[in-house]
Amino acid sequence: GCRPRLRAAVHYTAGCLCQDVAEDKGVQFSKQAVAAIAEITFRQCGTTFGCFLIICRHAKRSTVNSEDVKLLARRSNSLLKYITQKSEELTSNNMEQKEKKKKKSSAAKGRRTSEEQEAPVSESEDSNMA
């Protein structure tokens with residue numbers, strides 16, 4: 001399965017983050033500390049996903065949405081604020097994309113309509129020529 005690869009990815013990412021903190025704060029992390037942080041993170045993710053399943057079952061849904069994530073993050077004001085901000089950004093970006101698609105679609109329809117209007121004229125000219 002993907003579990004060993006996921007665990008390795010979490011371990012790698014934890015190592016990168018620890019290295020960044022070490023460089024920024026002038027503190028060192030032992031290999032054992034990095035491994036422990038990675039394992040805690042991996043287990044916490046498993047617990048969090050389990051909570052999402054419970055929430056979805058309770059709501060009789062099969063899709064986790066941003067409100068579910070906010071519900072689990074409510075105990076950490078800074079995390080909740082961050083998630084809310086990102087959620088709003090995503091919603092805004094999605095709305096902008098939909099507007100762009102509508103404009104493109106409307107422009108394409110406008111061209112098709114003018115082409116369709118021209119087509120009967122050329123057909124009638126052709127029939128007059130025959």
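A salt bridge is a side-chain nitrogen of Lys or Arg within 4 Å of a carboxyl oxygen of Asp or Glu. In this predicted model, the side chains of Arg-61 and Asp-68 meet in such a salt bridge, with 2.8 Å from N to O. The two partners can be described by their accessibility: Arg-61 is partly exposed, with a relative accessible area of 30%, whereas Asp-68 is buried, with a relative accessible area of 4%.

The setting for this pair is a chain with four helices and zero strands, and of its 130 residues 12% count as buried. The accessible surface of the chain comes to about 11000 Å², and carbon and sulfur atoms account for 57% of that surface.

The structure holds six salt bridges, among them the following.

| Salt bridge | N to O distance |
|---|---|
| Arg-61 and Asp-68 | 2.8 Å |
| Glu-67 and Lys-70 | 3.2 Å |
| Lys-25 and Asp-24 | 3.8 Å |

Lys-25 and Asp-24 are both exposed. Glu-67 is partly exposed, with a relative accessible area of 49%, while Lys-70 has a relative accessibility of 17% and counts as buried, because buried means under 20% relative accessible area. Elsewhere, salt bridges that share partners join Arg-7, Glu-39 and Arg-43 into one network.

Notes: Residues are numbered from 1 along each chain as its sequence is written. This is a predicted model: local features need pLDDT of at least 70, side-chain atom pairs count only at pLDDT 80 or more; totals for chains, interfaces and linings use all residues. Side-chain values use heavy atoms; hydrogens and water are left out. Helices (H or I, at least four residues) and strands (E, at least two) are DSSP runs, numbered from the N terminus. Buried means under 20% relative accessible area, exposed over 50%, partly exposed in between (1.4 Å probe, protein chains only). Accessible areas come from the Shrake-Rupley method with a 1.4 Å probe; for residues, only the protein chains shown count as cover.
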